[in-house]
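Colleague: I would like to learn how to read a model like this one, feature by feature. Could we take the sequence and the structure together and work through them slowly?

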Amino acid sequence: MHDSDGREPEHDTHGHDAGVRGSQEPALAATRAPLMERELWRSLEDRGRTPAARVRVQAEILAPLAEPTSRRSFLQLMGASMALAGLGACARQPIEKIVPYVKQPEDLVPGRPLFFATALTIAGVASPVLVESHEGRPTKIEGNPEHPASLGATDRFAQADIMRLYDPDRSTVVMHLDDISTWANCTEALRVALGEQLAKRGAGLRILTPSVTSPALAAQIGAVLAQYPDAKWVQYDPDGRDAVREASRRAFGAPMSVRYDLSNADVVVTLDSDLLTSGPGNVRYARDFMRRRRIHEGESATMNRLYAVESMPTSTGSVADHRVGLAPSEIALFTAALAAELGVAGATRPSAALPDKAARWVVAVAKELAAHRGRSLVVAGDCLPVEVQVLAFAINAALGNVGPTFVVTDPIEVRPTAQHEELAALASDMQSGRVETLLVLESNPVYDAPVDLAFGDAMRRVPNCFHLGLYRDETAELCQWHVPAVHELESWGDARAYDGTLSLQQPLVEPLYDGHSSLDVLMLVAGQTGTVLDLIRSQWQVLYGGAGFEKLWRRTLHDGFASGSQFVPRGVELRADAVRDAATRLAGTSASGNEVVLRFDPNVHDGRFANNGWLQEVPKPWTKLVWDNAAIVSAAMAHELGVETGDMVELQTDGGKVEAGVWVLPGHAERCVTAHLGYGRRRGGNVAAGAGFDAYALSTTRSRWGGPVQVRKVAGHRTLVTTQEHHDMMRRNLVRRATLEEFTANPHFAHEEGPAPARDESMFKTFEYKGNAWGVAIDLGSCTGCNACVVACNSENNIAVVGRDQVRRNREMHWIRIDRYFEGDLNDPQIHHQPVMCMQCENAPCEQVCPVAATSHSPEGLNDMVYNRCVGTRYCSNNCPYKVRRFNFYGYQDVKTPVLQLMRNPDVTIRTRGVMEKCTYCVQRINHARIDAKNENRPIRDGEIVTACQQVCPTEAIVFGDINDPESKVAKMKRETRNYGVLEDLNTRPRTTYVAKLRNPNSELEAKA
Amino acid sequence: MSAPTGSTPRFVPQRPPVIAAGHTSASVTDKISSVVLGGTPRWLFGAFGIAFTGFMVFLFAVTCLFAKGVGIWGINIPVGWGFAIICFVWWIGIGHAGTLISAILLLLRQSWRTSINRFAEAMTLFAVAQAGLYPILHLGRPWLFYWLLPLPNTMTLWPNFRSPLIWDVFAVSTYMTVSLMFWYVGLIPDLATLRDRTKNPIGRTIYGMMAMGWRGDSRHWHNYETSYYLLAALATPLVVSVHTVVSFDFSVGVIPGWHTTIFPPYFVAGAILSGFAMVANLAIPLRHAFGLHDFITERHLENMAKIMIVTGLIVTYGYAMELFTAWYSANQYEQYAFLNRIHGPYRFTWYGLIFCNTVCSQLFWFKRIRNSVKALFVLSLVINVGMWLERFIIVVVSLSRDFLPSSWGMYFPTKFDWMTFIGTLGFFMSLMFLFIRFLPMISIFEMRTLLPGSKTKQEAA
Amino acid sequence: MPQIFHRSANSIARVSIFGAAMFGIGALFLTLAITRSSWATRRDTVIPQPVPFSHSHHVSDIGIDCRYCHTSVESGRYAGIPPTQTCMNCHSQIWKDSPMLEPVRASFKTNTPMQWNRVHDVADFVYFNHSVHVNKGIGCVSCHGRVDRMPLMRRENTLQMEWCLACHRHPERFVRPLDQVFNMEYDAPHDGGVLAKKLVEERHVQSLTNCSTCHR
Amino acid sequence: MKLDHVARLYGLVAEFDTPAAIVAAAKEARAAGYRNLEAYSPFPIEELAHALDNHHSKVPYLVLGGAIAGATLGFGLCYWTSVIAYPMNIGGRPFNSWPAFIPVTYECTILFASLSAVLGMLALNGLPEPHHPLFNVDRFSLASRDKYFLCIEAKDPKFETSQTRAFLQGLRPSEVSDVEY
């Protein structure tokens, strides 16, 4: 896993053994006793005695050998190779242990996973999930189909969270300064500190938490504040939606939450917002949005239309019908102009001129919006200034969208606050020594607070800092006390989803380490006893008290949320003066000089996922950059600066300066540099170490999301690693595409190159596939390139993280990749996403060339890959036209770190060194379904099998099923005229086909463009 | 040999003879066997030392490979094959000259072959031995190489006989075996000679065993010749088939630049070209070192040069034809694959290839160049480089840019790639030197047949 | 020139040539023999267990049904090794002081699991599922042999791929009525495969020999 | 070399200097009715084989046999493994994808043919035979250099030591010597 440069190959020299199965060895030692009871697995004990292990030992001796070798290590090498040579012979299987339960849980069938509904939170907002649990080990996270915020899908972050649970870098012990301490000592210290505070009514006590939507937690904090009236509770999240809250306060008189209903929107305008793939509710938004876009034969051919105005190109922008790149200040002007154009009351046209493309847009977009009153939507990104937010509200109000598409509700935060102001106040209090005891609960301000607060220095002045967190991070480092936090899958809790739906969190596994939750700690502070569960139950009783609570509670446990707890839309009164005020302020501004755009990274978000190998290695949309962030600029600006991708530039704001590698990105706005936050972690863990630069150094309270910047070229070079160097489709008809008009005019546009070769177009008689014939259809129009499928596949199929250096050598292991092609003007390109996994060709070129028949065809048309038969000639990969096969050039799988063994999917073999691997259509899921069906002596139902990528996809772009069943969803999709196979003229007969992409451009703009 | 017309001055009056005048059966015997029976010249120690160091480098690289995995090489996805397969094909190619010279030229009664066939065959063996290593080394799990053999096992699994790699296994091992037998059979009478000449008792025992008690009985000679000719007749189609099968590794694939029907002929031609180049590279120094100018004459060198002209033309035709087919096919993938060879990031290899194999091989049209030993030696070296480049282009350049631009990628050899390559050169030369030192590098008994004194007819007449 | 070799050398030479060939072939057969030997496969070798549990006693003497202990055999991948609880159901009453059963009681008291040694152990990359075999009418005996005659558990079959395939290629030779699956004494009717044919049809028994049936 | 028994005579051997001489001698010996003759030369002399009437070789038949066996075995192996032993759907190709089996068949043919050529030759020549009475003759070592030998074996019905020696002397050899066991 963390074996980034593959220095320590895990050999599997057991002649007939391709690998350790994922489930085999949860190192019981490393996990706590209660977990041990649940393990039915064979234990690690004998492992040291297996030949594989013996060689591994030698391999470790050899580890330093990557570089030039001394005589000694040469001799060691000789030894190792002798051993290897000898081990070709058949070896004897070691005797393994069976560890049954002492008392077996009733509902548990060994080998059958159980699913539990719970929720994960980012910035307090719940994303509802179902968690697959194997004998008490959570192994896979899925969306919660019943929950309105998920409908069965999740985003990439939720998928990757399982790896955070098992992250070996998680903090495991209570630390006092730099010494290992105990929970008892910590509580004692806390008691003493609080004792002092009790006297002065908590005047010196501060509690810092992330945004809180959890009623239980809020109530608990309330209880604490009751005892310490003068204490202060500060909420801070780098991605707290301050601007939105503030805007709603100004526009509606009270801080409100805003959510969108895209199922009613015909025209959507996003202003610097990655609506569809990040932020609260993105999963649901993506689903609703795409459902309004998909066109099926016979149905009325209507599509919604998306205009994206953004500085850094986002996934949302990539699926927009029209995209324009504008610097943030220009976006502000654009909004103002749009409001004016629409005749919004109080709006004034800005004095400063817009780029003419933008100017054209204002007219066209306004026209379009006006034509769709009540069925349109304007979305302002969370990072835009309050004024822009206000205007966006105003526009929606003016268009009568408030209600149908633009939904205003009570705030989902229990106590909505201007977080940055609170944090600033806290910082100054600390500076001036007014703070004596600080509780930092699961947040990391030292890393992610604006630099000008000098939060770290301020904290040094606080005598008692207590930190609770998953990692011993930058903040923990400066606290006297650090307590390891429990992961959300280890603890009870509750939180609200983006729409206010109250979701319950339940523990999937006993805490792996001596961890505690915020609730724990706060109960301690409040001097309460009892369990967290009781606390939550009592809190819920308050909410849903009365008779039948037990019933509701049990149902909630099952569903994962209280159904119907969604917040109801509120009618709101827009304050004209607020609009006028905002408009005039914007009208004054002008767009000039270079700006830096600070945004959350698509992979590591605000930095909380920086130590997550899966997310680090997932290629970012648009750039396909991995393991790094960069100073992203447009081609024109790069030319202006005289830099190319990889050159170093220095970015300087009033906050400070950083050096960053340049990435030239087609479609990026002019006059601005995008720097993604969340990298450059100083105490982020082994995975995060060395990845990227810390863009928070540029963020100040005045310009948190960027502002004026000096950019200058400096010496040096950084190898920015990408998984795809070539953006050009080379006039190869890989992603077939058309506009809605073109399609209606010519429904067969996808087959202009002629149809696929006939089935009998071969000198051989072709195989007939009776019974089930598995296939996949992918709707290219729906793919946002959000990467959720890639992470889901990693998790489902135990795919190794290979690390920056190996990716640089084109050795990433992803079974599914999202190819990205640019089309058209370099400064304003169209982008196409194409998810590519094994096509399961019926005439598979890979199979024929394998000398040992390690890959062959199943009667259901699967391209079986047998890892334990593979000898690793790599011939199959060479001969694969789609290059979807992946090879273990080293032993990439970490089979040593015990805790990582718990993470593995027990149904998928762990591949060892020298073995080829590839997508299997999740054959393990197919087999489970088949076995269930056979046991019940019935055929497999359509939809009974979903592949990991299909299940997670927020936009339902991927459909798997039986193509021999004419009624199956996949068969229907494959009957569409737009359905085509990539490279099908090679007569490979891919089972994975694509439904050509449709765009719905505004003819007016298209003509001018 | 029994009808050595090719060598009688009658037919080729203007050319130098294949063996200098004034030699008798005795002088030939003593001259050639003295190389073996005489002491070891000092330079041989030095040369062997260098070669053996190379061999050690090879062992080191291989040990690292087994200990750490093929990841130490530059290979990746899409370029799954690198130096290993390039060298495999290259060595196999070089391995063609030996059998070709001994078999085909024998059948064609080209008696000038006689003085070079022995070490050409040895060269074949050692080259094929090098080639044979690579398919095993390049495996991800080399310790399972035996899964490529049709051995009964508890999995009831068998090799996939549709895979060209299995064809390789059979072709190369057959070629190895047959060449070995051909070489050994040819050696038997000379081993007898050495047995009877050597003063050293150990040597005598060893040569004695290897000679199997050969006495030169006329009945033996008859069976011997029959089977030797039959072997030649069998080796000829074999030698053609081997590189054909090797070329299948690529032409059976679907990758643009691989999927070509012209591969078999032009692989074979290329093989012969590089084979003769290598023979020239070995023959010229040896001839100097051991003063064998009488036996390896200008005529031999010139003939080799001529063969290089022809095979050089054939491969050139191959290159041209590839380009033409790509253009004519109107298949955009094919067309791009070849444009990429000329314009792509690896273009220099393609230009190098054209220079080495086309330009240089055709320089031999000039008699002055053809007859200059130095030129021949240098150009042969160049041609060997060229043939290596050809394989590099076929393997790496084709793979680096195939169908989906999204998965295009470059291949850069690592130090381990180079060590494995240089290493085999050392391995090869070490074996070569051992052979020169301990076995007659020119077939003595066949030389005898070339002597005027060996004719019965003229005297009888 | 004196003779180099004694005349015996002639025969020695010829014999040694054939000898070499013979040696090669012999070595091959030896390897095959070893891989199938009970040493390599642990077939028919009794592996020591913390408690010398006797299937023959519990099955044939007492007549406990397989499913009493192996609860998940019909529903899950694993037949299921009984939790200590199951043992204690009876052994808290009978033999409750037997020293032989001390480990069981200890496990129950200290709430630490028993650690049995695996007898039927397929390679880690083989995904065998009990439920589907049982539900298609493959009797326990077919793989595990007459456990009712095994005082101490041992592996009856090699569990090697060729052995699996023997059945997967001809399931009809092994299927039995569902009510006979757990019957140790079941004896297939000698009706020329009429019953087998019927069972195969109504249970949709397939001969699955493709790789992903067992390997993923 | 010590002989552990009374030396008996294997035959008489005459040494000649030129190929022509030995051919002539061989012809005369045959004419004189000797049948158990052996002629030794440093290189093959076709006339000599004719003179001694041993130019019929069985090697070609062996090779043909080997070739046929090889072909059958090669194709048989491919066919049996991929059609009968474990038929698999490999890339949609039929079980019996015979065109793909040709290379293996071909190589096996050549391998077996060549093996039978070499082994056959050795067998027919009774090799290996490191020990042979002729090696007791000191000058015989020149047979592998530039001398030619004609040997009349004692087991020849017409053989009578003194007569035969006289006969050989009559052939004007450079030397006649006894061949002892």
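Colleague: How many bridges join strand β29 of chain A to β36(A), and do the two run parallel or antiparallel?

Modeller: Bear in mind that this is a predicted model. Strand β29, residues 774-779 of chain A, is joined to β36(A) by five bridges, and the two strands run antiparallel.

Colleague: How should I read a helix, and which residues of α1(C) are buried?

Modeller: An α-helix has 3.6 residues a turn, so residues three or four places apart point the same way. In chain C, helix α1 (residues 8-36) has 29 residues and reaches 41 Å from its first C-alpha to its last, close to the 42 Å expected. The buried residues of α1(C) are C:Ala9, C:Asn10, C:Ala13, C:Leu32 and C:Thr35, and what covers them includes α2 (38-41) of chain C.

Colleague: What is the area buried between chain B and chain A?

Modeller: The size of an interface is often given as the accessible area lost when the parts come together. Between chain B and chain A that area is about 5800 Å², with carbon and sulfur atoms giving 59% of it. B:Lys68, B:Ile77 and B:Trp143 supply 15% of the area that chain B buries against chain A, more than any other three residues. In terms of contacts, 65 residues of chain B touch 73 residues of chain A.

Colleague: Which side chains meet in a salt bridge between these two chains?

Modeller: The count between chain B and chain A is one salt bridge, in which the side chains of A:Lys883 and B:Asp402 meet at 2.9 Å, N to O. There are also 33 residue pairs in polar contact between the two chains, both residues being at pLDDT 80 or more.

Colleague: Within chain A, is A:Glu310 buried or exposed?

Modeller: A:Glu310 counts as buried because its relative accessibility is 0%, and A:Arg323 is buried too, with a relative accessible area of 8%. Their side chains meet in a salt bridge of 2.7 Å, N to O, which links strand β11 (residues 305-310) to strand β12 (residues 322-325) of chain A.

Terms used:
Residues are numbered from 1 along each chain as its sequence is written. Chains are lettered from A and ligands numbered from 1 in the order in which they are written. This is a predicted model: local features need pLDDT of at least 70, side-chain atom pairs count only at pLDDT 80 or more; totals for chains, interfaces and linings use all residues. Side-chain values use heavy atoms; hydrogens and water are left out. Two strands pair if DSSP finds at least two bridges between them. Helices (H or I, at least four residues) and strands (E, at least two) are DSSP runs, numbered from the N terminus. The expected span of a helix is 1.5 Å times one less than its number of residues. Buried means under 20% relative accessible area, exposed over 50%, partly exposed in between (1.4 Å probe, protein chains only). Contact means heavy atoms within 4.5 Å. Buried area is the accessible area (1.4 Å probe) that two parts lose on being put together, summed over both. A salt bridge is a side-chain nitrogen of Lys or Arg within 4 Å of a carboxyl oxygen of Asp or Glu. A polar contact is a pair of N or O atoms within 3.5 Å; within protein, one must be able to donate a hydrogen and the other to accept it, and residues adjacent in sequence count only if both atoms are side-chain atoms.
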